[in-house]
Amino acid sequence: MKKALKQAQLRPAAVDYVNAHATSTIVGDAAENAAIKSLLLGPDGKDKAADVNVSSTKGALGHLLGGAGAIEALISVLAIHENAMPPTINLDRLADGFDCNYAPKDPQSRQIDVALTNSFGFGGTNSSLCFAQYS
């Protein structure tokens, strides 16, 4: 995520939405959540976790294996186009440390000019892309 923002020449504060890969594993989700918060909170980022908008669409679509990253990227672009954060369906409760805005169950209207999307593959092939509103 840090490299994606560096290549886009954007500060963490500019990120309006993160499409999390959300592996639905305790360790994987905790690691991704911690990485998102580590990057997006602080002097160059948001003031509080509740201002960090994160959702995952994998629960609605299933895991598309090799196609997961492509559809997650497309959803991130659509979030910018529609100014709407897609919901994280089936999100009934949050573990300790999960205090960002995760859009549980329902989409949220948001001004989204910059979105990050994360994709993780078997064996540690991980990538993050940054998309921004064209102006």
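The accessible surface of the chain comes to about 7800 Å², with areas taken from the Shrake-Rupley method using a 1.4 Å probe, and only the protein chains shown counting as cover for residues. Carbon and sulfur atoms hold 57% of that surface. The model is predicted: local features need pLDDT of at least 70, side-chain atom pairs count only at pLDDT 80 or more, and totals for chains, interfaces and linings use all residues. Residues are numbered from 1 along each chain as its sequence is written, and side-chain values use heavy atoms, with hydrogens and water left out.

The C-alpha atoms fill a box of roughly 35 × 30 × 30 Å along the principal axes. The radius of gyration is 14 Å, which agrees with the value near 14 Å for a compact globule of 135 residues. This radius is taken over C-alpha atoms, and the globule rule is 2.2 Å times the number of residues to the power 0.38. Contacts require heavy atoms within 4.5 Å. Among contacts with a separation of 6 or more, 67% join residues 24 or more positions apart.

The chain has four helices and six strands. These are DSSP runs, numbered from the N terminus: helices are H or I with at least four residues, strands E with at least two. Along the sequence the pattern reads α-β-α-β-α-α-β-β-β-β.

Four strands form an open, mixed sheet in the order β2-β1-β5-β6. Strands count as paired if DSSP finds at least two bridges between them. The edge strands, β2 (54–55) and β6 (126–132), each pair on one side only. Strands β1 (residues 17–19) and β5 (residues 114–120) run parallel over three bridges. Asn19 has Thr117 in β5 as its bridge partner.

Two helices pack on this sheet. Helix α2 (residues 26–40) touches β1, β2 and β5, and its direction makes about 150° with that of β5. Helix α4 (residues 68–82) touches β1, β5 and β6, at about 170° to β5. Axes are lines fitted to C-alpha atoms, for helices over the stretch in contact, and angles run from 0 to 180 degrees between N-to-C directions.

Ser76 lies in helix α4. Ser76 counts as buried because its relative accessibility is 0%. Beyond neighbours within four places in sequence, Ser76 contacts Tyr17, Asn19, Ala115, Leu116, Thr117 and Phe131.

Conventions: Buried means under 20% relative accessible area, exposed over 50%, partly exposed in between (1.4 Å probe, protein chains only).
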